Amino acid sequence: MEKTMFNYTKGILERVSFDPVLFCKEVQKALKVLLPYEIEQLSEWLLQFVKEKPELKHCQIYLNS
């Protein structure tokens, strides 16, 4: 089965979620390579993900710009 860029990005973000600075950098990189509908998926996923990790909440600002 082919892995989508969104799933790949999500996996990366989950692995680097221990470091808020690195997490934000990866969010920024993802926005450069994902397609518009994948960015929408990322935004929805990120909303749910940061509920468990509030220290990452400030990275959502990149999705709103």
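Residues are numbered from 1 along each chain as its sequence is written, and side-chain values use heavy atoms, leaving out hydrogens and water. Because the model is predicted, local features need pLDDT of at least 70 and side-chain atom pairs count only at pLDDT 80 or more, while totals for chains, interfaces and linings use all residues.

**View 1. Ring pairs link Phe23, Trp45 and Phe49 into a cluster.** The structure holds 2 aromatic pairs; here rings of Phe, Tyr and Trp (its six-membered ring) pair if their centres lie within 6.5 Å, and planes under 30 degrees apart count as stacked, over 60 as edge-to-face and the rest as tilted. In one of them, the planes of Phe23 and Phe49 meet at 15° with the ring centres 6.0 Å apart, so this pair is stacked. Phe23 sits in helix α2 (residues 20–33) and Phe49 in helix α3 (residues 36–52), so to speak two distant parts of the chain, 26 residues apart. Helices (H or I, at least four residues) and strands (E, at least two) are DSSP runs, numbered from the N terminus. Trp45 and Phe49 are stacked too, at 4.6 Å centre to centre and 20° between the planes. Both Trp45 and Phe49 belong to helix α3, 4 residues apart, about one turn of the helix.

Buried means under 20% relative accessible area, exposed over 50%, and partly exposed in between (1.4 Å probe, protein chains only). Trp45 is also buried.

View 2. Val27 is buried, with a relative accessible area of 0%. Setting aside residues up to four places away in sequence, Val27 touches Leu13, Cys59 and Tyr62, where contact means heavy atoms within 4.5 Å. Leu13 is 14 residues from Val27 along the chain, and their C-alpha atoms are separated by 7.4 Å.

**View 3. Helix α1 (residues 5–15) packs with α3.** The two axes are 10 Å apart, at an angle of about 30°; axes are lines fitted to C-alpha atoms, for helices over the stretch in contact, and angles run from 0 to 180 degrees between N-to-C directions. That makes α1 roughly parallel to α3, given that angles under 35 degrees count as roughly parallel, over 145 as roughly antiparallel, 65 to 115 as roughly perpendicular and the rest as oblique. From α1 the contact takes Met5, Phe6, Lys10, Leu13 and Glu14, and from α3 Glu38, Gln41, Leu42, Trp45 and Phe49. These residues divide into 6 nonpolar, 1 polar and 3 charged. Ala, Val, Leu, Ile, Met, Phe, Trp, Tyr, Cys and Pro count as nonpolar, Asp, Glu, Lys and Arg as charged, and the others, Gly among them, as polar.

**View 4. Helix α1 meets α2.** Which way does α1 run against α2, roughly parallel or roughly antiparallel? Their axes come within 10 Å and cross at roughly 170°, which makes α1 roughly antiparallel to α2. On the α1 side are Met5, Thr9, Ile12 and Leu13, and on the α2 side Phe23, Glu26, Val27, Ala30 and Val33. By class, this contact has 7 nonpolar, 1 polar and 1 charged residues. The buried residues of α1 are Phe6, Thr9, Gly11, Ile12 and Leu13, and they pack against α2 and α3.
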